[in-house]
Amino acid sequence: MVFILFYSLTECRQSVVKSTGAHLPINLESGQRNELKESNKKMEPMILFTDADDTLLTPDKQITKANAEAVSRALEAGHRIVITTGRALAATLPLIRRLGLEREGCYAISFNGAQIWDCGKKKTVFRKALSQEDTIWLFEEAEKAGIHCQAYDETSVISRRDNLNFQKYCEVQKIPGKLDPEIPYSLKEPTVKLLFIDYEKPERAAAFRNHIMEQAGDRLSLFFSNPYYVECVCAGISKGFAVHYLSELTGIPMSHTIAAGDSENDISMIREAGIGCAVANAEEAVKKAADYITERDCTDSAVAEIIERFMLK
């Protein structure tokens, strides 16, 4: 099933603000925050779009007991939980299973919005791949700059050569890695995302992003998901886009959506959702974009705080 959005994200955002008043400044008095909490309790069902790494997950990639229990209670109350991540789908599926999201009405957003997965039906409902021409060009530009570049298929991450960037990524993300010196020419299916990594010199990755955006900003989107990872997807693809897509698909209005995150790639969905939340450990730019900043950080079940405040009676 394919939905076409005929309005801009900004227009929809403005209509949500006008109709619900949900987007209020984060320096609310406690009484005003309680009113916001009470008004949103009545909105059912709601969808929580939560980032994975350093939001739902602790730095050592664990799901706290409080987060798991809060997710379970939200599901029992008829709400939806959508893991919304830059991770590959293959690295997102284990989280889906751990949280019991393999059920009708639950979805997962991977590759920063480039792929949307129906958890109940176990199938892709949206996928937007990079063009082969751009993929080849980006690999060659990364090679010139000395930046590690990797692509993805349905089950694995693929690199031209082995190196510490590739090894560390596979270890942290718990995803199989493949070595293929002929990539990207050998890709059987266009990749939905490229990832550029530089653990040694993150500033080199930032300079590379600026270079690519100057050359191809009209057709590509690049953003950081942590200080070492530069994500690259098609222009127009973002977590914010995916929030709108699933709002249309499920029929749940934008005023009933909540988004939670910590990094630059989360800002689009935090701005677009009915309530945008930054966890306490979030980057300053993310906090500035948010309506609500949690008291807890990702090690102390920040997502549970959001669920309890805005979704549970």
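Start by selecting strand β2, residues 80-84: four of its five residues are buried, so the rest of the structure largely encloses this strand. Buried here means under 20% relative accessible area, with exposed being over 50% and partly exposed in between (1.4 Å probe, protein chains only). Strands (E, at least two residues) and helices (H or I, at least four) are DSSP runs, numbered from the N terminus. Before you go on, note that this is a predicted model, in which local features need pLDDT of at least 70 and side-chain atom pairs count only at pLDDT 80 or more, while totals for chains, interfaces and linings use all residues. Residues are numbered from 1 along each chain as its sequence is written, and side-chain values use heavy atoms, leaving out hydrogens and water.

Strand β1 (residues 47-50) runs parallel to β2 and is joined to it by four bridges; show F49 and you'll find V82 of β2 opposite. Strand β3 (residues 107-110) is also parallel to β2, with two bridges between them. Here I83 stands opposite A108 in β3. Two strands count as paired if DSSP finds at least two bridges between them.

Next stop: the open sheet. Select its six strands, which come in the order β8-β7-β6-β9-β11-β10 with mixed pairing. At the edges sit β8 (177-179) and β10 (220-226), each pairing on one side only. From one strand to the next, the twist averages 30°. (Axes are lines fitted to C-alpha atoms, for helices over the stretch in contact, and angles run from 0 to 180 degrees between N-to-C directions.)

Zoom in on β10. Six bridges tie it to β11 (residues 229-234), and the two run antiparallel. Pick F224 and its bridge partner in β11 is V230. Helix α8 (residues 202-216) packs on this sheet, touching β9 (194-197), β10 and β11, and its direction makes about 165° with that of β10. Contact means heavy atoms within 4.5 Å.

Last stop: which helix crosses α8 at roughly 140°? Select α6 (residues 132-145), whose axis comes within 11 Å of that of α8. The two are therefore oblique to each other: angles under 35 degrees count as roughly parallel, over 145 as roughly antiparallel, 65 to 115 as roughly perpendicular and the rest as oblique. Show side chains for W137, L138, E141, A142 and A145 in α6, which meet R204, F208, H211, I212, Q215 and A216 in α8.
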